Structures are given as C-alpha cells and as structure tokens.
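Okay, thanks everyone for coming. I'd like to walk through one model today, a few spots at a time. Let me put it up on the screen.

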Amino acid sequence: MDNFHISHLHYLQAEHQMLTKYLEKCFRPKELKVYYRKDIEAYEPFVNNLESSRIRLLHACQERLIFQLQQKRSKKIICFIHFFRELYEDLLDAGLPLSANDLAGLIDAILTSSLSRQAELNFERILDLASRHAAQEPLHGNLKEVLFKLLATLEKAPDYYPQRQQRKLQVQLQKLLGTFNPIEKLRSLFPEWKFARRPGKSVDHFPLLKSDPLNAAHVLINEFLLLCEQKQIRHSIANRELSIIQKISGSKEPSIESILECLLIRAVWMEISFFEHQKPLRSLLAHCLIQWHVESEKSLLRILTIALRAEASQINLGLGNDIFQKIKSWAQAEGMTQQLREALSKYSAILANAPASSQRRQLKQETELLLAGSLDGNNVICYHMPELDHLGKFVNELLRHQKNSTRLLWSELLQLCENAGRSKPNVGFLRKCKKLFEQNGQQQFLDVFLKILTQSTNMPLWKNSPEPYLFYPENKESLRALIWASQHLEDEQLQLLLADLAEKCYRRMFGKKAIAASVANAAIYTLGQAKGLSGLTQLSRLKWRIKNHGVTRIIEKQLTAAADIMGISKLEIEDRSVPELGLEIGRFSQVLKDFRAELSFSEANKIQLQFVEQQSERVLEARSKRLSKLRPEIKQLKKRASTIQKNLQAQKERLDRQLILGRCWSFSFFQQYYLNHGLLCQISRKMILEFRRGSKSISGIYSDKGFVDRKGKIIKGINPKTEVTFWHPVFKKASEVQEWQDYIERQEIRQPIKQAHREIYRLTNAERSTGFYSNRMAAHILRQHQFNSLGRNRGWRYSMMGNFDNRESDAISFELPAANIKAEYWVTEVDNTDHMDPNYLWHFISTDQIRFTNLRSMQAMNLEEVPVLVFSELMRDIDLLVAVSSIGNDPNWQDRGGITEHQDYWQSFSFGELSSTARTRKKILQNLIPKLRIAEKCKIVGRFLVVKGKARIYKIHLGSTNILMEPNNEYLCIVSDQSKKSPDVFLPFDGDAQLSLILSKAFLLANDDKITDKTILSQIAK
C-alpha cells in the first residue's frame, strides 16, 4: 500500500502485514477519509485478532512512520499517528505486566517517531509504569538509557508541553534517575548561603536549619505557606493569612531585606515542585514591598540584587515595577551613583532579553530614560527599539544622529506607541500624536518617517530563526503604531511608501501566510484616512496589485466610504485617483548636467530609459562610462521607471476587468482622465472607443490626426457631452470585428488590453437545453495550485481542496454586484495520495458544471437570463483558467509521474481540438507568419504550426504549445526558459504568453542544426 518492503525474514513480518491490511481498509474510496479516533473503524478488528504483543506492533508502526517521513507521504503519516496513539492508549489501559525491555522499547518507539506531541501521548502514565519498576528492582540499563533520552528531549524543547506540565515531568524523571538536586541551583544563585543537603520539615520540603541566619524568617514563611495549603488558597487572602503577612512584613527581626531574600529562595525551590504556592508568595511579597522603606543606598542595592536574581532565574514574582518606582524616587531625590547605575544597567539588560510584555517594555524604556539622565534634562536616550532585527538597528542608529530636540520628540512618540491599540488605533493615541505634531511641526517627524518607511520597504527577511520573519514582534507593533500616527502627516511620498510597504508585507511567505499582515493592515487603514485623493490613489493601485479577497474587501469598503463623502461613484474615484507619476502624455524628461534623461514607452508598452547628450543629441546607454558620475540619479530614475511599469500593469488589469461593466464617460471626463493623462494615455490611445450620440454610435481609435474609424477616416462631431465607452466585439458583427483586427495589424498597434482580438463566448444549443448549467468546461484535469493562483489574480474566490473537511466550497466563484450575478465553476479533488503537497492539499482537481446565481434571491439563473457581455467575459475567464492550469499544458507532466489513469486526457488536451483562445491565436499566426524570416519553413495545418527543420519536421500545437515530431508523432519535451527574451515580433496585443512561446519554439526548431542543448538533441536524434 505504501511501497514498504516486507522481507520474509523480517522478525516483524506478521505485524507489517497487519499494518498493510489496515492501510488498505483506511484508503478504500468513500469509506474512511477523516482520521479522527471516532472514525478509525479499521483499527479494532486487526488489533483484537492479533496474536503477537502490542509492543511488537508498535515497533512495526514505528518503522513505517520512519519510512513515511523519509518518503514525505503526509496523508499516511496522519493515519499512522492515530494508529500509533490507539496502540499506545490500549497498552496503558490494559494494565499489561510489561517487562523493563518492553517499557524501554515503548518509550524508544515514542521518541524515535518524533510524533509524540502530534499524537497527544500521555508521558505521565509511562513514567508511573517506570516508577513501579524502579520500586521493585533497580532500573534496567536499556530502560535507564531511554529515560535519560526522554529527559534530554524535554530539556531541549521548551515548548514541547505546557511549561508547568513539562517541569513536572522533568522533576519526575530527575527523581526517578536520582538526579533531582534543587540545592545546586540555589547555591549558584546564592553562593553566600549554606544550604543543607537533607530535607527538613517545611511545607515544601525546604531544609530549615537552626544554624541558618535566616531561620526565623523561613519559619514565619513556612507558617504562612502551611495555612495557605490547608485552605488551598490560590488567589484571595483571608483575614488570618493577612495577619500573618502583616506580622512577617512588619517584623523588626528578621529585616525586610532578609524576608524578601527568603521569599526568593523558596520561590526557586518551589519553581521545581510546588507551583501552587506562587500566588500566596506574590501576595506576601507585595505586602513586604509596601512596608519596606529605603533607608540607605546599601539597602537599595541589596533589594535590586534580589530583583536581578529573580529575573535571572526567570521567576516572575512581580518585583519589577515596585522596585523600580522606589529606585526612581531615590534617584530623583539623592542622585545616581556609579554603583547604582551599574546595577540598574544589569537590570535593564535582563529586561531586554526577557519574554516580551507591555509591562516589561515600559520598565525597559523607563530604565533607559533613568540611566540616560533625561529626567533632569542632562542627556537624551539613544535606544528605542530592541536591536533584534534590521529595523531596530536602523531606527536606533538613525535617531542617534538626530538633534537632541528631535530625539526627545521621537522618544515621546515611541512612548505613545506603547499604548496605541491592537487591531486599530485608540482615539486617545491619535489625539496625542496629532497634538505632538501640531505643537512641534510636522517636519520634525516627516524626514525620519520617510527614512524608516524606506528602510522597512527595502528590508530583507530575517532568516536567523526557525521561521523567517521581517520584523521582530515588538518592533512590528511599534512600526504599526508609527504608521497609524503618520495619518496626520500629509505627504504624497509618505503615502507612496506606505502603499509599497503594504504590498510587500502582504506577500505570502513560503506559500503559507503574509509576511507581516498587521503592518500592512495598518498601512491600508492609514491610506484610507488620508485627506484628498493621494491616499485613495494608492488604495486604488493596491486593489489591483494585492491578490487577497480579505484585503480587497477592506479597500473596497474604504473607497466606497470616500465615494459617499465626495458624492461620486467608487469607479469615478478610481479614475480620478490614478497617479501621473510626473509623466506628460507617456513621457518623462529630466536634465542632468550635460545630459537629458528620458523615460518613454516602447511599442511593446514597456518603459525604457535613455540619456541624450544636450549638445550633440547623441543617445547613450545607462551603463556608459560618461554617465558614471550620475549613478545616484540613474538609480532614482530606474526606481521611477519600475514604479511607472507597476502602475501601468495595475491599470491594465483594472480596465481589463472593467470591460465586463460596459462603463460610459462623457468625452470631457474621458479626455481629462484618460486621453491626456500622463499614464493612462498609454492605454486609452491604443484602445477602440465607441462614441454615442443619442441612438447612433460610431467606433474609432486615436491617431495623430484625431479619432479615425476602422477604414482610417477621421471622425467628426465629437463634443464634450458625447458619451464614450470601450468597444467590445461581443455586440458587433463578425465583419466589423474582422475589419478592426485588420486595421490594428496593418497599423501595427499593440493594444495593452486584448480588445479587437478578444475571444467571445455565446450560448450553445447544448447550454440552452440544459438551462441552468453549462458543461462546456467540464471533465478537465487541472493543477490546483496554478488554478488557485490565476483565479485569485483574476478576482475569483477559491478555497483550496485538501485532505480535510473544513473547506468553504467545492467551487471557484466570482461576484459581480453591478449585474447582481454570481458565477460558480464547480470542481472536485482528484483523490490520489501520491499527489499531495506537505500541507495536505491535492495537486490535481477535476472540473464540472458552470452555474450562475442571482445575488439577491440566491436562486439559480437560466443561462439565457445572463447578460451577453457578462456571460462572454466570465466564460472567457474560465476558459483561461482551464487553458493555463490544465495538466495538458505541462510538457513535463509525464516525467513528473503524472496520474496514469489521466494519460488519455493529457494526450487529448495536448494535441486535441482548439479552444476559443487557441483559435484566435491561429488567426493571428496566419497573418503573422508570412512576415517572419522563417516563413518558408512554417505553415499552419489544422491545429498545428508545422515547422520544417533540417533534422526533422515539428508540429507545435496552437493550444498547449506541446510538440510532436514526424514521421512517427514522437513527443518532444522543451521547457521554456523565462529568462530568455522572446523573438522581436509584432503582436497585436499584450498578455498572451502562449503565443510568444509558440513563436520562440518555432524560431528554435526552424534552425535545429544550431541547437546545443543535449536534452533536446537526444530526443531529436532518436
């Protein structure tokens, strides 16, 4: 079942055969898919009929676990974990008389599997069994060895169990092995005291000796603990206990310092075995601190030393805040000596390395302020963030080089950030930040803000940890609070950096989760609160850049709220908020000494940077030695070019998605925000527009002479009130569509959005007969991860399918509120245990029906009720999902061990009938091939582009781009190299990577005598 080899000579052969039968039972289709204890129906029949011992079966199970871990068979590991746990619990419940060797084998099996935590095994019961053996006879060599191994495992993994349970297990093991000696720890913490080796009569077995200098104090504490234990006090203190506390804390002999030291000693002792007494001890400590009055610096240093020892031993007794307040009062009244400063520095260092909490952070900051002497205005603190990541180091270094006044203001701002809020900022925090900015001027903060955000945006992942991260958690909270505070700073550069930071922090880390979602959420919130259109501009860009439905909904909500306030539609806000980025009709120019830098778009809609010599008008490349002195300026220009390209791509996606809406504008609005817009002119001037005058309409495209129709004639009579919309082929006759395609190709206009050659989808007779669903895209086998990624990029919503039951739906869906329609494309998993990723997600899914639902009534819609434009655009999206993610589109599918039962589908898709997109591709190639330099070697035959090389004849499928070689239709596997540039050939639109790939393969195979790749040559030579 799992390819585990069972040798006939294996001493556990019978047990392994039983496990194989169990697996066959578990993985039988539709019988057992969820592996919880209540569902393991296959377990009992096998175990109850098994003649051999369960220990032997446990060892066999361990061998299979190790095998599955090596093979990374995740689903089978889950099954084995539950089988393993059932065996384990049966052994304990049965109370079988286990020998020392059996017990040693059981513990060793648990530890070797490395799955005891996942299986939720109970080590306490195992230790009880070991204790019984130890009571009857000395521990066996093997049993003692595995118990030491178990102790080492618990000590190395601090989060293996809850802290209290883990310490209890450690003590049990130490007692069992004879290594339990808490006195050694006490000696290391208190070398000045002599501790007895024998236990005394105290409640917690603490040694009470008459010779102990603190014996009287220990007796009083023992009386208090005894009373607490009798009444089982945990939280509240009764009157009698309170009198004892007052007696202890108010006593003259021993001193308060001695009482506090005794408390700490007992806490160290009880840390190991008596956790239940910590609450009463804290109450006692609090009362002692209330009664304690500092009479000299010596006594202050004594108490501070006690606090240092408590923190160093990781005992949280609540000493910190009370002691600090007393030190602070003493320092303000008497000043800071060098000895006290050194002790306080040690305390600050311990706080910095302690687990993060709001109280500790506040103490750390106040301690630093006290050490820096800023209480009396002598110095200014230089340390603001833990230097555990790149951000903390950068901010601290940045603030060290600021003026004293700026550093003091930032110290105050960072203190405010400590109480900024959790999911959203507190009103009080924002009010205080605003007041701080107004009183001291925004410029005092803005420059530092810009540098911090720039550094955060460019920061690499911090990889020196088990799980890489971008910001240390404490610094992440501070950065989030600073971002919230920055909403009071009105600056476009600041808002651009916030958008870039949000985009970076929303990236999914290793396919699991966003790098820093809380920081990104804060940036989105702040951009939504910005005044004017600058913040909305960045939100509009992020809406099309971030492929996360939750984030998109947040941005949509912010844009809708802004639209309501401004009294215009949300789509109009998006139009108005598109940034021009310094461009003037698609061009940017800047004078740099003797040169002029120019940014412009190529015919392929790619931004390009050129340098022109002012006197000779000679064009230079950016790498030219003559430009070596302008490297910083060139770097900034390249960054601007990258920003322009990103924004153009986002706007292309936005307008492509909006074609489904059939939007209309007045010509005056369209001219201002599209035709003459610095960035959008690159899109709008290459798109076919439809001008409507009442019931009449005419289509045209921009040219240097004005707008012209598909025959090249100038269109007249366009006025500011003329309605403008993007032309769509679904409403036009085939002859008009063909004429526009011819014009686009003849004028060599490369449309940024596929429009003239856009695929259209109309209802078929089969869909009219089915009525409420379409089977047009059914029975495809898709790669789920590519399907999910592309669907999200296109605005569809999908929940990945895996070996679990909590997925949202069995369909990918798209909601169009403007048309009150929801489209659903139903899919199901291809249940094959060999094709599952480490997160238990299926690699492959199969497709089923397409349905449309009315969003208001949530009733299924007849396909004839769906608007023509909506139906065509959504079916086009689904066709694209299938074309890109189908296994037939993967040339290496067979070599990667594809599912054998779907071999016929792969063959039929790879070389079968063409889809609508592929038929469009075929038409373009028919017009394009005669213009290529390899035209004599190429021709289109049916659904293939046939290329005649010198070695063989090749047939490139126009849908999947897969290749067959004549004369025997042998498959040729060529994997595209994304780093290589595609052939410089005119294409009438952007975005069809498959068309570019077909041309690349054609150019390669037409000159097959020049191929040097050994993998390709070995296939051709067969």
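**A walk through the model**

So, of the 1022 residues in this protein, 52% count as buried. Keep in mind that what you're looking at is a predicted model. In terms of secondary structure, we've got 38 helices and 20 strands. And if you take the contacts between residues at least 6 apart in sequence, 65% of them join residues at least 24 apart.

Let's start with helix H22, residues 473-485. How does the distance between its ends compare with what 1.5 Å a residue should give? With 13 residues, H22 should span 18 Å, and its end C-alpha atoms are 19 Å apart, so the two agree.

H22 is mostly covered, by the way: 10 of its 13 residues are buried. Among the buried ones are Glu 474 and Asn 475, and then there's a run from Ser 478 through Leu 479, Arg 480, Ala 481, Leu 482, Ile 483 and Trp 484 to Ala 485.

Now, which helix does H22 pack with? That's H24, residues 517-529; the two axes are 9 Å apart and the angle is about 5°. The cut-off for roughly parallel is under 35 degrees, so H22 counts as roughly parallel to H24. On the H22 side, the contact is made by Lys 476, Leu 479, Arg 480, Ile 483 and Trp 484. From H24 you get Ser 518, Val 519, Ala 522, Ala 523, Tyr 525 and Thr 526. If you look back at the buried list for H22, Leu 479, Arg 480, Ile 483 and Trp 484 are on it.

While we're in this part of the numbering, have a look at Gln 455, which sits in helix H21, residues 443-458. With a relative accessibility of 23%, Gln 455 counts as partly exposed.

Next up, Gln 682, in helix H30, residues 681-684. Is Gln 682 buried or exposed? It's buried: the relative accessible area is 11%, and the cut-off for buried is under 20%. So what does the Gln 682 side chain do in there? It makes a polar contact of 3.0 Å with the side chain of Asn 605. Leaving out residues up to four places away in sequence, Gln 682 touches Phe 601, Ser 602, Asn 605, Leu 648 and Pro 752.

Moving along to helix H33, residues 784-793: the buried residues there are Gln 784, Phe 787, Asn 788, Leu 790 and Gly 791.

Zooming in, E18 and E19 pair over 4 bridges in the antiparallel sense, with Ile 953 standing opposite Glu 966 in E19.

Last bit: some backbone details. Where is the cis peptide bond that involves Pro 967? It runs from Glu 966 to Pro 967, and omega is near 20°. Pro 967 is in the loop between E19 (963-966) and E20 (970-972). In the loop between E18 (953-957) and E19, Thr 961 has a positive phi of about 70°, even though it isn't a glycine. Thr 961 counts as buried, at 4% relative accessibility.

Ile 585 is another non-glycine with a positive phi, about 50° here. You'll find Ile 585 in the loop between helix H27 (570-576) and strand E3 (587-592). This one is partly exposed, with a relative accessible area of 38%.

That's what I had, so over to you for questions.

Note on methods. Residues numbered from 1 in each chain as written. Predicted model: local features only at pLDDT ≥ 70, side-chain atom pairs only at ≥ 80, totals over all residues. Heavy atoms only, no water. Helix = DSSP H or I, 4+ residues; strand = E, 2+ residues; numbered from the N terminus. Expected span 1.5 Å × (residues − 1). Buried < 20%, exposed > 50% of the residue type's maximum accessible area, 1.4 Å probe, protein only. Polar contact = N/O pair within 3.5 Å; in protein donor to acceptor, adjacent residues only side chain to side chain. Contact = heavy atoms within 4.5 Å. Pairing = 2+ DSSP bridges. Axes fitted to C-alpha atoms, helices over the stretch in contact; angles between N-to-C directions. Parallel < 35°, antiparallel > 145°, perpendicular 65-115°, else oblique.
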